[in-house]
Amino acid sequence: MTGYLLRRALGFVLVLWMVTVIVFALQAIIPADPARAITGPAAPAETVERVRGQLGLNDPIPQQYVRFLGNLARGDLGTSVRTRQPVADDLRRYLPATLELVGAAMILGTALALVLALAQMLLARSGAVRMTMLAAGSVPIFLSAMLLIYLFWFSLDWLPGAGRIGIRRFEGPTGSMVIDGILLGRPDVVGSALAHLVLPALALALPLAVAVGRSLASALHDVLRQPYAETARGKGLPEYRVVLRHGLRNAASPPLSMLGLQLGLMFGNLLIVERTFAWPGLGLYMVQSLASSDLPAVLGVALTFGAVYILFNMAVEIVQTLADPRMKL
């Protein structure tokens, strides 16, 4: 375990370093000027040039990059061009909303994947289930988000389609509305937060549910053909008990690997979903920062996503070894 953690810690540092290199390389080819974004389109050229000098944008890219790494080592991610606040403070402000949304989407997507896989295995005619999974997986994320808003907000008026909570001026210790509502004994906050969370979480969960569900169904199909599964059937166990007792654990490794991969794709979808549902998280923050050529904010969000992705995949690998003792870290 110690060797595994050391290797992962080294990988953690290398991946984050690669993220900083890639983003800094992109700024050289993107035709945007943060100094112009700060001063405004009507500012004279002398003012823009003075701001560029203050920001160090006239320095060579390698020098800017070395300066950024030095600040990063001190925990300083710079100041946002758009909000004029330290990027670290912005990340602390927006991260809880994103973690709440991603956590809900992971739970909902995993549950849907389990239901779809079991339905495909246990139903005698599972063609409808396969077609449903194929149709859900082929819909682009922006279209599924808009369809959910149109159906459940505009047409049926069952669920809110924008924002994070319908109660003004509520703040809690963790930043998660659901958890804070529970901790403070506010069922009205919990209900409002869950109602606002359902649609964006479902939009994020659908691609994950389809991918993980198909992976689990395929793995179960192979596992249930093994001799020990046939022996269990020969002892008179019904099919659902064979699947639950002998199939799921032995088929867990491929869908868990798919779950880890889907988190990376979810971060890309997060930008679309948070923008569509006006969810005040890091995805919306990054979209607005990209529009403002806010390089420090973009780098801060990219580093945060990279760190969460690495930590989550470490947890997935540990769970895989618990599910299948034959695997080693």
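Trainee: What joins the side chains of Arg93 and Asp90?

Mentor: Side chains of opposite charge can pair when their charged atoms come close. Here the side chains of Arg93 and Asp90 meet in a salt bridge, at 2.6 Å from N to O. The term needs a side-chain nitrogen of Lys or Arg within 4 Å of a carboxyl oxygen of Asp or Glu. By this rule the count comes to 4 salt bridges.

Trainee: What should I know about the model before reading on?

Mentor: This is a predicted model: local features need pLDDT of at least 70, side-chain atom pairs count only at pLDDT 80 or more, and totals for chains, interfaces and linings use all residues. Numbering starts from 1 along each chain as its sequence is written, and side-chain values use heavy atoms, with hydrogens and water left out.

Trainee: Where do Arg93 and Asp90 sit relative to each other?

Mentor: Both are in helix α5, and they are separated by about one helical turn because they are 3 residues apart. Helices are DSSP runs of H or I with at least four residues, strands are runs of E with at least two, and both are numbered from the N terminus.

Trainee: Is Asp90 buried or exposed?

Mentor: Read the relative accessible area: buried means under 20%, exposed over 50%, and partly exposed in between, with a 1.4 Å probe and protein chains only. Asp90 is buried, at 0%. Arg93 is partly exposed, at 45%.

Trainee: Which residue forms a salt bridge with Glu100?

Mentor: Arg164 does, and the closest N and O atoms are 3.0 Å apart. This pair links distant parts of the chain: Glu100 is in helix α5, Arg164 is in the loop between α7 and α8, and 64 residues separate them. Both Glu100 and Arg164 are buried.

Trainee: What is the partner of Asp188?

Mentor: Asp188 pairs with Arg186 in a salt bridge, with 3.1 Å between the closest N and O atoms. Asp188 is partly exposed at 39% relative accessibility. Arg186 is partly exposed too, at 30%.

Trainee: How many helices and strands does the protein have?

Mentor: It has 14 helices and 0 strands. The C-alpha atoms fill a box of roughly 85 × 50 × 40 Å along the principal axes. Of the 329 residues, 41% count as buried.

Trainee: Where does UniProt place the feature "transmembrane region"?

Mentor: The unreviewed UniProt entry puts it at residues 12–30, 101–119, 131–153, 193–212, 256–277 and 297–319. Read such records with care: positions are in the numbering used here, feature names are shortened, and annotations may be inferred rather than shown by experiment. Then check the model. Residues 256–277 are 95% helix and 0% strand, with end C-alpha atoms 28 Å apart. Residues 297–319 are 100% helix and 0% strand, and their end C-alpha atoms lie 33 Å apart.

Trainee: Which residues make the nonpolar surface patch of about 790 Å²?

Mentor: Leu10, Leu14, Trp17, Met18, Val21, Ile22, Leu26 and Ile29 make it. Patch residues have over 30% relative accessible area and no salt bridge; like charges are joined within 9 Å, and nonpolar side chains (Val, Leu, Ile, Met, Phe, Trp, Tyr) within 5 Å. Areas come from the Shrake-Rupley method with a 1.4 Å probe, and for residues only the protein chains shown count as cover. Take Val21. It lies in helix α1, residues 2–27, and is partly exposed at 33%.

Trainee: How much space lies in the largest pocket?

Mentor: Rolling a probe the size of a water molecule over the atoms shows where empty space is left. A pocket is an open set of points on a 1 Å grid over the protein atoms alone, where a 1.4 Å probe fits, with protein on both sides within 12 Å along at least five of seven lines; lining residues have an atom within 4 Å of a point. The largest pocket holds about 460 Å³. It is lined by 19 residues, and Leu55, Leu57, Gly78, Thr79 and Pro296 are the closest to its centre. Helices α2 (34–39), α4 (61–73) and α14 (295–323) each supply at least two lining residues. The largest share, 4 residues, comes from α4.

Trainee: What is the phi of Arg84?

Mentor: It is near 60°, a positive value in a residue other than glycine. Arg84 sits in the loop between α4 and α5 (87–122). Asp157 also has a positive phi, about 55°, and is not a glycine. Asp157 lies in the loop between α7 (141–155) and α8 (177–183), and counts as exposed at 58%.

Terms used: Grid points are joined across faces, edges and corners, and a volume is the space filled by probe spheres set on the points.
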